[in-house]
Amino acid sequence: MGRTALRLLGAAMVLATAVASGVAGAQGDARAAALHSEGFRVIVSLERRRLWVVDRGDTLLAARVAVGKGTTLAYGGSAWSFDTPRGVRTVLAKERDPVWVAPDWSYIETAEREGLAVRWLAADRPVTLRDGRVLAMRDGAAGVVGLDGQFRALPLDEHIVFDDALWIPPMGSRNRRVPGVLGAYRLVLGDGIGFHGTNDPGSVGRKATHGCMRLDDADIAWLYEHVPVGTRVYIY
């Protein structure tokens, strides 16, 4: 693709951003012109599942991106919508080897898929299981106290399933921390949204996430290396 075509692509993305933001007519044209005159920025099309890094009309990177899958999960009076929000954001921070802290909805989603009940494990309230063993938290990790009185920590990379229920560990526990899921890098945009890698490369380019935007390894590495904190991100 030639430089002229790339400039036209950049202009089209900026104009679409203005339209998506609800600004119409002359006001929209003015906004589009203002955005096009900006320097370095990131633009994401949710419909096309594509990302562009643009600098005054020149496209420096074009990449596939996975976006929110657009579903809703409801449980116990709470509801979570898994959409990537549109609008203008800013890169607030960059992380190497990020660790995902699993939210409640992740456990609930898994429990519903596997046909399990949902239970919450409190840090200070052990639970006696049907077979007489005790499920408890010690030193920030879940484990089971056997009939011999010995505490045995459970694997940190597995769900806690006993008595036909998935037990959600307390926030702040080591069981909530899941390394590797977000790939090697993450760019934080706030409100739980960001760009990151993935351990499921087949999802890139699809509506597959719970709100964040996943990229292939090489593309998220490029963003980490070249996109500074403070960069504007336009999602439409």
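Predicted model: local features only at pLDDT ≥ 70, side-chain atom pairs only at ≥ 80, totals over all residues.
Let me begin with a term: a residue is called buried when its relative accessible area is under 20%, exposed when over 50%, and partly exposed in between, using a 1.4 Å probe and protein chains only. By that criterion, 44% of the 236 residues of the protein chain count as buried.

Residues are numbered from 1 along each chain as its sequence is written, and side-chain values use heavy atoms, with hydrogens and water left out.

The protein chain has four helices and 22 strands, these being DSSP runs numbered from the N terminus, with helices of type H or I and at least four residues, and strands of type E and at least two. Taking contact to mean heavy atoms within 4.5 Å, among contacts between residues at least 6 apart in sequence, 59% join residues at least 24 apart.

Strands are said to pair if DSSP finds at least two bridges between them. On one side of the account, S8, residues 93–96, runs antiparallel to S18 and is joined to it by four bridges, with glutamate 95 standing opposite arginine 186. S18 also pairs with S19, residues 193–196, in the antiparallel sense and over four bridges, and here arginine 186 stands opposite histidine 196. S18 and S19 form a hairpin with two residues between them, and in that turn aspartate 191 has a positive phi of about 60°.
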